[in-house]
Structure formats: structure tokens, C-alpha cells
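Please open the structure in your viewer and keep the selection tool at hand. The tour below goes from one selection to the next and says what is there at each stop.

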Amino acid sequence: MAEAGKILSPPAGRQRERPDQRLNVIGTRMLRKEDPRFLIGRGHFIDDIELPNMADAAALRSPHAHARIKSIDANAARALPGVVCVITGEEAAQETGPLPCFANPTVEQRCLALGKVRHVGEPVALIVADSRYIAEDAAALIRVEYQPLPAVSDMMEAINSRGDTVLHPERGPDNIAEHRNYTFGPVEQEFAAAAHVVKRRLRWSRSGGQPLETAGAVASYDEGSGKFTIHVNGSMYNYIGFTIAAALKVPSHQVNIVPADAGGSFGSKLFLHKVSVLAALGARTSGRPVKYIEDRIDNITASDNHGSDRTYDVELALDASHRMTALRYRVVDDYGAYFQYGLGTHGNGFSQTVGPYRIRAVGAEIYAVFTNKCQQGACRGFGSEVTNFMIERIVDAAVEELNLDPIAFRHDNFIQPDEFPYQIPTGNLYDSGNYPGALEMAQQMLGYQDWRDKQQAARTQGRYVGIGIASCQEKGVFSATEFWMLNRSPGFALTSSPESASIKIDPTGKAVISLHAPCWGNSPETVAAMVLAEQLTLDPADISITYSDTDHGLPGTGPGGSRYTVMIAGAVTGAAAIIKEKLTRVAGHMLEADPRDLEFRQGKVGVKGAPGLEVSIAEIAMQAHFFRLSLPDDPTLTSGLDANYTYDHPLATLPKGEGDFGIFYPIMGHMCHMPVVEVDAETGEVSFLDYVAVHDCGTMINPMTVDGHVRGGTAQGIGTALLEEFRYDNNGQLLNTSFTDYLLPRVGNVPPQVRIGHLVTPSPYTEYGVKGAGEGGRMVAPPAVVSAIEDALRPLGVRIDTVPVPPSRLRALIREAQARRSR
Amino acid sequence: MKPPVFDYERPPTLRAALDALSRHGSKAKVLAGGHSLVPMLNLRQITPARLIDVSRLTELQYIVEEYGQMRIGALTTHNTLLRSPIVAANCPIMTEAYAHVANHSIRNHGTIGGNLCHNDPAFEMPLIVVLTGATMIARSARSTRTIAADRFFKSPYVTDLSADEMLTEIRIPRLAPGHGYAFLEISQRYGDRPLIAAGCLLTLRYGSCRDVRIGVRNAVHNVFRLGSAEGALEGKSLSAAVVDAAAEAAAAELTPADDLHADDAYRRDLAATLTRRVLRIACARAGHPLDG
Amino acid sequence: MTAMDDIEINVTVNGRTIKRRVEPRLLLTDFIRHEIGLTGTHVGCENGVCGACTVLLDGLATRACCTLAVQADGRRIETVESLGRLNNLSPLQRAFWEMHGLQCGYCTPGMLMLMTELLRENPTPDRDTIRARLNDNICRCTGYEDIVNSVERAVELMRAEGPVR
């Protein structure tokens with residue numbers, strides 16, 4: 001059992017680069033290395049790839065939410081001129097195995113539905129043709145005989161559904177994917193002793209990352225070698241890419257996976273098993289390279305990456321001094337038709353399940369249910385954004401019910417700056433933080449008291465202006481234990497989540513860094529170049545970045561979980577250290593000096609205190625590459641100038657048994673958002689009058705790119721709060737299958753300005769003290785915006801417990817509140 | 001999301017286009033701006049055998065001010081109308097509504113004729129032409145017809161045009177000088193499909209409302225002129241109470257309209273609210289602002 | 001139904017006249033990307049909502065996914081590739097670079113073409129005008145503010161250097 005509180009003997013850590021050093025490149029707003037190609041329209045996106053004799057594929061999508069497949073007649077489709085082949089689920093099952101699944105016991109998912117379809121849009125057949133146009137023509141000619149089965153769409157009904165509504169009868173008699181209970185700390189005792197208990201039912205609806213570019217793959221199969229080459233805009237190929245080979249029933253060295261630039265991901269391209277296997281299967285069957293790119297309907301209905309879909313019943317225990325002592329919740333999470341990450345999104349939440357507060361005990365009952373919808377996957381926050389919503393809503397509820405000040409209440413309950421590293425009841429560790437500082441900074445920047453005064457004035461004019469407050473955590477750098485620690489029995493209990501960098505300096509002193517995970521728009525090239533430039537005093541213009549395929553790849557878990565900048569900083573630092581050592585050795589020979597007397601300065605290595613005694617890195621590199629015999633004989637000194645480095649998680653431990661998951665997500669960022677909104681109470685429309693976002697992501701490699709993530713994440717969070725929801729009807733039909741009806745925020749939906757403040761509490765564990773920054777905006781904006789709307793409507797007594805809250809829903813709440821008042 | 005197979009022709013004149021329509025009739029679709037039609041083709045919601053591209057017929061691109069009316073060629077683009085000083089002078093409610101029609105890029109190519117003939121229940125222009133009492137000129141190879149706007153729109157996506165007819169002109173009568181007008185719409189994203197839109201025209205004579213026209217588009221049903229709301233105002237002198245009565249009548253008159261984005265209760269509620277608001281603005285513009 | 005033969009079209013793409021035979025149903029996005037090989041114009045939704053496919057057709061911002069290639073016959077297309085090259089970026093492109101107006105780069109060509117039209121029409125738009133026009137196109141990465149800042153910066157650069165190409 002993990003005891004919550006300050007850790008008296010904190011783990012030592014492996015930090016080499018201290019945060020408090022003088023830095024020349026890190027911390028500057030260096031312009032991005034990624035931009036030039038994107039600005040001139042020369043990105044390398046998956047649909048840009050053209051291979052000779054390439055064919056295009058389309059998937060026939062199921063129109064039913066739940067049905068047995070009785071027969072598929074593809075004769076007319078196959079006969080259509082321009083069609084190369086049609087592959088059905090049965091045929092695919094002879095050539096491929098199930099798709100990878102982290103849950104244990106697994107839930108079988110196939111690249112093409114086998115025997116039955118479990119959600120609208122699930123692929124039933126793959127058509128390979130000379131063009132996507134013809135493939136779609138052929139799809140319309142395929143005759144599938146379905147035997148419809150009853151569909152389950154409501155998560156509460158799913159708990160009790162039986163018989164023909166069960167999606168995976170081989171797994172059990174019901175649609176409960178998992179039902180677990182967790183107790184961290186003295187939950188019952190705290191609730192029994194509580195002076196106050198506040199309860200809420202909360203609903204977080206299903207939305208998704210929905211990047212502007214869909215998922216896709218281009219695959220070819222070399223008959224001469226039996227080897228596949230799969231270009232895909234996904235990640236994790238240098239981590240678990242071997243599972244794609246397994247699904248294709250070939251040894252892993254017979255598959256080379258090649259990354260492409262991704263047009264955004266937000267989690268949804270974390271591991272694109274389905275499109276990879278479909279394209280590869282199409283290539284092997286047809287004898288031609290095959291391009292399979294999801295269109296927008298494919299992506300919305302069958303991305304395998306819908307976000308969390310939860311109903312919480314949450315209770316908060318407080319003592320007589322209004323200190324929060326314990327949190328207890330029952331959550332039902334609608335996972336849709338499959339279960340690829342198991343309960344990972346709940347494990348993720350356990351990393352920060354008390355938020356920034358000194359809550360001593362947490363009890364959780366989790367139901368994961370199957371329904372006839374697209375499965376959940378990864379969506380910016382990976383479940384912890386929902387945990388944040390739960391915590392801040394119940395905090396606001398306590399403030400309201402006990403008539404407290406929202407600022408003072410948070411302040412009094414925060415983990416204090418002198419309590420780090422701090423262990424939370426689940427066993428995870430918060431490395432550093434200053435939550436009161438963030439709250440204070442946000443108040444200052446907002447002009448909090450001024451806005452309170454303006455709010456008062458507005459109320460006298462009958463206007464509804466509100467100030468929202470949310471103080472939330474942003475976990476960074478997941479440990480692989482997150483994938484299995486909630487499984488009943490672990491299954492494949494992997495514990496590595498590394499990141500590698502390969503660096504070579506060529507004979508003229510130019511550097512090439514190979515990364516082993518893709519670019520999602522998260523500036524990996526810029527970060528890697530800045531760290532290397534800092535380490536070796538190189539000009540960033542002399543550094544280029546490439547992306548390794550799996551044939552040439554080293555372990556790379558990739559972007560996600562706000563980990564990538566931390567891990568790249570570690571990997572590049574590690575590789576740079578090796579190169580630095582060699583550079584100083586060779587320079588020492590060239591300058592006839594002791595390497596310990598040498599320093600790096602502006603692209604040169606020279607003797608400390610002797611400005612003229614130096615050689616350029618280019619000169620050293622030339623020596624290192626070509627002049628081995630001119631250097632002293634030494635078996636440890638080889639020709640060349642390069643290094644590979646694999647950086648493992650900077651601080652993670654194994655789970656310790658029931659109730660203690662160990663340290664699995666310790667690099668803890670923090671945000672405080674304060675939106676100011678005005679609500680048109682007659683129409684339910686919300687507009688932003690101001691928005692302050694304070695983020696603590698530790699040391700910032702590039703503040704410009706951090707700000708970009710803050711604004712982008714905040715916009716996405718506003719979408720989650722006000723606009724975005726996948727709407728399934730009672731029969732499992734998805735009502736919004738295109739961007740006409742799944743509403744992404746436009747510029748008119750976001751504040752004209754998001755004013756950003758940076759608070760920096762460096763991590764003691766990462767290189768330079770960097771923390772994650774990619775997910776934060778989306779992880780705090782939803783509760784902040786809802787808090788603001790509720791505050792605006794406080795005179796009417798409106799409570800908001802659901803997101804999204806579009807105008808029709810908000811207006812309904814207002815109407816009900818007004819009706820209650822007039823009774 | 002690729003279109004199905006179809007044939008295509010681009011007749012060089014209106015005459016040729018009408019001949020093509022008479023030959024192919026219901027198997028053909030007229031292609032104007034294409035920004036409603038092509039997405040429907042991409043989604044394979046329609047499978048016409050033939051597209052008749054009329055987008056280059058400059059003979060149907062005009063805005064002409066005549067005594068008593070304004071004549072607009074059906075293939076005039078939205079942005080041309082949005083920017084037109086003739087429209088602004090003759091029919092300011094159209095200019096006001098145009099700011100809400102789709103978005104700039106779509107307005108570059110979308111035409112008023114295409115918009116009216118498509119009669120998507122979320123489109124604003126059908127409401128405007130009904131409120132202004134416009135007449136539509138429809139031509140076939142054999143004949144020309146004049147159709148009053150309030151008979152042109154039959155039901156969502158259905159107009160009075162027969163398969164061999166093309167809308168060629170919209171005639172908008174000049175409204176009385178000093179008339180009051182207003183158009184408002186509520187949408188979840190500015191520039192996208194509205195949840196509900198409302199428009200109002202009226203004149204004031206000695207403090208009384210005359211020739212009141214109020215309508216809504218609710219994205220579900222056909223153009224809706226709200227007769228009982230108009231009746232609650234016609235001939236009355238203005239007050240907040242009269243406006244409220246009209247708003248209540250507006251809400252009560254609507255046919256239930258639920259869709260993905262808003263339920264019926266919301267639409268009724270908003271019909272009342274928007275009625276109040278457009279009346280307020282229209283009255284102020286007519287020179288008689290309401291008190292309070 | 002039998003399809004008719006392909007139709008011959010003549011288009012000018014970024015100043016170069018091109019003659020091709022195309023199926024009537026070929027979308028302008030696919031014509032530009034796959035027929036001509038200019039992959040800078042991207043596809044996001046294929047039903048006219050996101051604007052990632054924005055090109056200029058006779059100088060007008062146009063959703064290429066809502067346009068048939070045959071409709072471009074005899075007309076002038078400008079795509080992102082016409083704006084600048086690596087060693088010669090336009091002021092608008094440089095402004096986006098300076099002001100972090102892109103992250104994944106997928107919406108960027110559409111944004112650049114949309115703003116090219118705006119800046120030709122109005123070389124000194126204010127922030128509200130920029131935001132009103134920007135409402136046409138969706139970006140999922142930036143939250144828009146840096147794109148607005150980029151266009152403002154472009155206005156400054158153009159004032160100093162001359163109008164956008």
C-alpha cells in the first residue's frame with residue numbers, strides 16, 4: 001500500500017544535465033527545422049507516396065452495428081474492369097492473424113471482420129483496384145448477406161446485456177470487458193470520518209483526436225525475398241512493430257516499416273495495426289504495391305481511436321477544515337467493440353488521480369463495457385484528461401456546496417512546493433511542482449479581481465459573465481507497466497519504454513540525427529537539433545534529421561503521453577556524450593593537450609583559458625574519419641564519429657502488488673487555466689472574453705513550440721467542452737460520420753487570444769529538467785471552460801455535469817433552472 | 001469518398017443547356033458552383049447519369065436594378081451578391097444574410113440559383129427570397145414560367161422545378177423606403193450550418209406595423225413564414241408586449257424539428273428568441289426603436 | 001450506365017499550360033496531386049468543410065475537393081508550389097515560419113492559398129478581417145492564434161518588401 005505524502009528518501013535518478021546551467025540554444029525560440037518542407041508543400045505524407053504499378057484500396061464498411069456475416073458475393077465486384085482483387089474476412093483470416101491487443105485476456109480483432117461485424121463502419125472486405133474511384137465502385141457491387149443481431153449502444157444497458165447482444169461470446173456471457181475494484185489508502189475510514197461528502201454524477205462523452213490527415217499505409221511485397229515494406233503514418237514501429245509481422249504471419253525481419261510525416265495524430269496514430277495489415281495483405285494478394293488511405297468516413301467510423309466515453313459517480317470526502325481527504329468513484333467506460341489497450345486509460349488516470357491535491361485515499365470501481373461502436377484508442381490525455389475533469393468538477397461542487405472561495409480552497413488543498421517528490425496513494429510519484437505559484441500567476445495575469453468586479457457589474461445589467469478555474473496535472477513519460485498493470489493477469493508484462501537517437505558527424509563536421517519514431521507535428525527535429533547543438537556547440541543549421549525504418553531502427557517508443565521531448569533530450573544527450581568523448585580525445589591528440597583541459601566553444605574544441613589553441617569540429621571529424629594512422633595506436637579508438645544511444649525511462653519502478661503501482665508516470669507537469677466567458681442565456685451560446693493559461697512543463701527546450709502546443713491543446717479542449725461528440729443512436733448507427741456533423745473548432749470558436757504564462761519547476765530526473773507539454777492544453781481546458789460557464793450561470797443555479805455542452809444542451813439546462821426558480 | 005461514374009457536358013449557351021435538360025431530364029443534374037453537388041457525389045448520396053455544367057453561362061450572371069425591382073441572374077455567385085452595392089441598396093436583408101452563407105471560399109463559386117434550387121433546409125437564401133416576395137423565373141426549352149417564391153420551395157431539397165427546367169432569374173421587388181429588416185442566425189460554428197435562422201421585414205406607418213413578414217429556417221423543415229406571428233403584429237402599434245406575443249406565436253407555430261444538433265424544444269425556444277430579436281432590430285431600423 | 005470517353009482539358013497550373021484527358025468524375029484534388037504530381041495540396045475531409053485542399057482558381061480561393069477537374073478547363077490554377085522555393089520563400093511563407101504558424105503542416109498549404117487571396121485583395125487586413133477569413137479553414141494543431149499572428153507578420157514583411165506573389 002502506498003502512503004501518500006512527501007517521499008523522504010527520493011530516488012536518485014540519472015540526470016546528467018542540470019537545469020540550472022547557462023544554456024545557449026535550449027530555451028530559445030529557434031525557428032523550426034520542420035517548417036521549410038511543409039511551407040512549400042513538400043511534406044512526406046502517406047498519400048504523397050507513389051510506387052510503380054501501385055494500386056489503390058478501399059474497404060467495404062459494415063452498415064450494421066451488430067450482425068453475423070452469412071455470405072459475401074464479390075463476383076460482380078471482381079469482374080469490374082480495373083479491379084485487381086477483393087479480399088473477404090474469411091480469406092484474410094487464412095493469411096493474417098488477429099491484430100495486436102494489450103488487454104489480457106485479449107479481445108480478438110481482425111483487419112477485416114470475421115464471422116460477424118461489431119460496429120458500423122467496421123471493414124468487411126478490401127477491394128484493390130487501379131484507382132480508389134474504381135475500388136469504391138466495386139465496393140458498391142459486393143453483396144453481403146447479414147443476419148442482424150441486436151445492438152447495444154447504451155453503456156448502462158451494456159452492463160446487463162446478455163445473449164445475442166454479447167459482442168465477444170468467446171470471452172464470457174456478458175459485455176463486461178473488465179470490472180475491477182481498487183483501494184488506495186484508507187478510503188472507507190476517511191469517508192466514515194468525513195465532515196462533508198460531496199457527490200456528483202458526471203458524463204464525459206465520446207470524442208476523438210480527429211487529425212486533419214487520416215491514417216493510411218502503402219505496402220509492397222517482394223516475391224523474391226518474401227519481405228514486406230510498409231510505409232505508414234503511425235508510430236511504435238520500432239517498439240512493437242514485430243506484432244505487425246506476427247499479424248501477417250511472417251517472421252519480424254521480413255517486414256520493414258517505414259515512417260511518413262503525420263498530418264497530426266493526437267494519439268490516434270499511436271499504433272496503426274489495421275491499416276498496415278490491410279495494405280500489406282492487399283499487396284501480397286494482388287502482387288502490386290497497395291495504397292490504403294482511410295477516407296474521412298472510414299476514419300470517423302473505424303479509426304480504432306475514439307476517446308474515453310465515461311459516466312462517473314464520484315464522491316469527495318472533506319474534513320471539518322475543508323481539507324479533501326478521500327476520493328471515491330464508480331466509473332463506467334464504454335470501450336466500443338474491441339479492447340486494444342485494455343484498461344490503459346484508467347491506469348493512466350491513476351498516475352495523477354488526486355490531481356494537485358493532498359488527497360490521502362482513493363477508491364475506484366471501474367466497469368469497462370463493450371458496445372457496438374468503434375473501439376477506443378488513444379486520444380490526447382489518454383484518459384487522464386477525464387480524471388482531471390472529474391477532480392475539478394467535484395472540487396467546484398465542494399466549493400459551491402460549502403460556499404467556499406474557489407481560489408483559497410484549491411490553495412489550501414494543494415501539495416505544497418516543499419513536499420516534492422511526492423507520492424500519491426496509487427504509488428506514482430510527482431517529481432516537482434509549484435501549484436500555488438501557478439494559481440497565483442494565473443490570477444495575476446488574468447487580473448482576477450478586476451474580472452470579478454466586471455462580473456458583478458455585468459450581472460446588474462442582466463449579462464452572464466463567468467470566470468473558470470481549473471488546476472490540473474499533465475503526466476509525462478509513461479512507463480510500459482501502464483499497458484498491463486491493470487490486467488487481471490499481466491500477459492506480456494513488458495517494462496521497457498525507451499527512446500533512441502543515432503548520431504553521426506561526417507568528415508566535414510555536419511551532423512545527421514536519426515530518430516526512431518515519427519514526426520506528428522510535435523517538432524522532434526527542432527528539439528533534437530537544439531539539444532545536439534547545445535551539447536556540441538554546433539550550429540543547428542549544420543544538423544539534419546532523418547527517420548529510421550525498422551530495418552535500421554533502434555528501440556523507439558515514439559510520441560505520446562507527453563514523453564517525446566523528454567526522451568529525445570535524454571537520447572540525444574546520451575549519444576552526444578559518446579561523441580563528445582571521442583571529439584575531445586582526438587582533439588587532445590591534435591592539440592597535444594589533455595582531454596580534461598579541453599572545452600567546447602562555438603563549434604570548436606579548445607584548451608580552456610587559451611583562446612588560440614583550438615580546432616574546429618569539422619577538422620576533428622576529418623581526422624577521426626580518415627587519419628587513423630596519424631593518431632596514437634589505441635584499440636579503443638576506432639575510425640569514424642558516431643554514436644547510438646538508447647535512453648530508458650528516467651524514473652520508473654515495477655508495480656509492488658495490490659494497491660501500489662510503483663512509479664510509472666512521474667514527470668509531472670501542471671496547468672492552471674482561467675477562462676472568462678459570457679453566456680447568452682437565451683441561446684446557450686458561449687463566447688470568450690479572456691483566457692489565461694499557465695503551464696509548468698519544467699525546462700522548455702523551445703518556448704515557441706511549447707506555446708504552440710498550449711494553444712492547440714486548449715483549442716482541442718474547447719472542442720471537447722463545447723462541440724465534439726460522436727453521436728450513436730440506440731441501434732448503434734453513428735449519426736455524424738463526416739466533418740459536416742462532427743464539429744472541430746474553427747478560429748471563431750477559440751478565444752481571440754490565449755494569454756500564456758510559464759511557470760518552471762524543472763524535473764530532477766530528466767535531462768535539463770524537461771517535462772512533457774504536448775497534452776496539457778486538452779487536459780485542463782474542458783473543466784476550465786465548464787467551470788466558467790457554471791460560474792456565469794450561478795445566478796440561475798445551473799450545474800454542468802456533462803461535456804460537451806453545445807448551445808442546445810446549455811439552453812436546456814438554463815430553461816430547467818429557470819423553471820425550478822419560478823416554482 | 002469519390003464520385004460515381006457520370007457523363008458530362010458543358011453547353012455554351014443557355015439555349016443549349018435547356019435543350020440538354022429536355023433531352024436528359026431527370027437523369028441529369030445541373031452543375032453550377034458545385035459546392036453542394038460535388039460533396040453529395042463524393043458521398044455517393046446521388047448518382048446522376050449526367051452533369052450539365054452551366055457555371056460558365058455569363059448570360060445568367062447579372063444584377064440589374066430596374067424601376068420597382070432588382071433582377072438577379074441565377075448564376076451570379078454569392079460573393080458577387082454579398083459585395084454588390086445594388087443589393088445593399090435594394091435589399092439590405094439579403095446583404096445581411098449573405099454574411100452567414102457558407103464561408104468565403106464556397107461563396108466564391110456557389111451561385112444563388114444553385115443554392116435556391118438545392119433548398120437545403122439550412123440554407124438562408126430561400127428564406128430571404130420568400131420574405132422579400134420574390135418571383136423566380138424558370139425556363140425550359142419550350143417555355144418560361146414565373147413562380148412566386150412561396151410556391152417555389154416545396155419541401156426540403158425539393159422545389160417546383162420540373163426535370164427539364166432551369167432557374168434563370170430571381171426578381172426581388174423593391175421594398176418600401178425606410179423599411180425595417182433584420183436577419184439573425186445561430187450556429188455552433190460561424191459559417192457552418194445554422195441551427196436556426198430568422199428574418200424579418202416590416203414597415204411602420206404612424207407607429208403601426210405594416211406588411212410584416214417573419215420567417216425562420218430551422219435546418220429541418222421547409223421555409224417557414226410564421227403567419228400567426230405576423231398576424232400578431234400586423235396593424236398593431238409596437239410594444240414589448242406585442243413583440244412577446246409574436247414571439248410566442250412563432251414558437252407555437254413550428255412543426256417539431258429534431259436533429260443531431262438541436263432538439264425541438266431548443267428550436268422552438270430559439271424561434272421565439274430570434275423573433276424577438278429580429279423584430280427589435282427591424283423596428284429600430286424602421287425608425288421606431290422599442291423601449292426597454 | 002456506360003461512361004463516356006475521357007474529356008480533354010487544358011489548364012494552366014502555376015503558370016505552366018497542361019493538356020490532359022480526364023474522366024468527368026475526377027476531382028480537382030486528385031488531378032493536382034496524382035495527375036500532375038503536385039502533392040502540396042492536401043485532402044482532409046472530401047466534403048468541403050476543412051479547406052485543406054484550398055487552391056486558387058482564376059485567383060479565387062477554391063475547395064479543390066468540391067471541384068471537378070473538368071471544371072478547371074481553360075482556367076488558371078495556383079497551388080502552394082507556386083508561392084516559393086526553399087531558398088526563396090515568399091513573405092507569407094517566411095512569416096508563417098517566423099511566427100510558428102504550423103505544426104504538422106497538413107493544413108498549411110490551404111491556409112497559405114487562402115491568405116494569398118486575402119492579401120492580394122487587401123494588403124493590410126486588420127486582425128478581425130484575418131480571423132473572419134481564417135474561419136474558412138480548419139487547423140487541428142495550432143489553435144489558430146499563431147496563424148493569425150503569421151498573417152499579421154506577412155503584412156509587415158510585405159509592407160517592407162512589396163506585395164505577395
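This is a predicted model: local features need pLDDT of at least 70, side-chain atom pairs count only at pLDDT 80 or more; totals for chains, interfaces and linings use all residues.

Residues are numbered from 1 along each chain as its sequence is written, and chains are lettered from A and ligands numbered from 1 in the order in which they are written.

**Stop 1: chain B as a whole**

Select chain B and colour it by secondary structure, which comes to twelve helices and 14 strands; helices (H or I, at least four residues) and strands (E, at least two) are DSSP runs, numbered from the N terminus. The radius of gyration of chain B, 19 Å, is close to the 19 Å that the globule rule gives for 292 residues, so chain B is as compact as a globular protein of that length. This radius is taken over C-alpha atoms, and the globule rule is 2.2 Å times the number of residues to the power 0.38.

Of the 292 residues of chain B, 57% count as buried, where a residue is buried if 20 or more other C-beta atoms, placed from the backbone, lie within 10 Å of its own, exposed if 12 or fewer, and partly exposed in between. Now colour chain B by domain: domain 1 is 7-53, domain 2 is 58-173 and domain 3 is 181-285, with bounds that come from an automatic or database domain assignment. The centres of domain 1 and domain 3 of chain B, taken over C-alpha atoms, are 35 Å apart.

**Stop 2: one loop residue in chain B**

Zoom in on B:Ala141, which is found in the loop between β6 (135-139) and β7 (144-148) of chain B. How does this residue count, buried, partly exposed or exposed? B:Ala141 counts as partly exposed because it has 16 C-beta neighbours inside 10 Å. Leaving aside neighbours within four places in sequence, B:Ala141 is in contact with B:Leu18, B:Asp19, B:Ser22 and B:Asp164, two residues being in contact if their C-beta atoms, placed from the backbone, lie within 7 Å.

**Stop 3: chain C and its neighbours**

Show chain C beside chain B, where 24 residues of chain C are in contact with 24 residues of chain B. On the side of chain C that touches chain B, the largest share, four residues, comes from strand β4 (residues 60-63) of chain C. That side of chain C has eleven nonpolar, eight polar and five charged residues; Ala, Val, Leu, Ile, Met, Phe, Trp, Tyr, Cys and Pro count as nonpolar, Asp, Glu, Lys and Arg as charged, and the others, Gly among them, as polar.

Next bring in chain A, whose contact with chain C takes 42 residues from chain A and 43 residues from chain C. On the side of chain A that touches chain C, α1 (35-39) and α19 (703-722) of chain A each supply at least two residues, and the largest share, seven residues, comes from α19(A).

Within chain C, select domain 1 (7-82) and domain 2 (91-161), whose centres, taken over C-alpha atoms, are separated by 22 Å. Their contact takes 14 residues from domain 1 of chain C and twelve residues from domain 2 of chain C.

**Stop 4: helix α18 of chain A**

Select residues 617-626 of chain A, helix α18, in which A:Ile617, A:Ile620, A:Ala621, A:Gln623 and A:Ala624 are buried. Seen down the axis of α18(A), its buried residues fall within an arc of 160°, so they line one face of the helix; the arc is that of the directions from the helix axis to the C-beta atoms. What covers these buried residues includes α16 (524-536) and α17 (564-591) of chain A.

**Stop 5: the largest nonpolar core**

Finally, show the largest nonpolar core, which has 429 residues, a nonpolar core being a set of buried Ala, Val, Leu, Ile, Met, Phe, Trp, Tyr and Cys residues joined through C-beta atoms within 7 Å. The largest share of this core, 14 residues, comes from α17(A). Among the residues with the most contacts inside the core is A:Ile789, and the contacts of A:Ile789, leaving aside neighbours within four places in sequence, include A:Val677, A:Val679 and A:Leu810.
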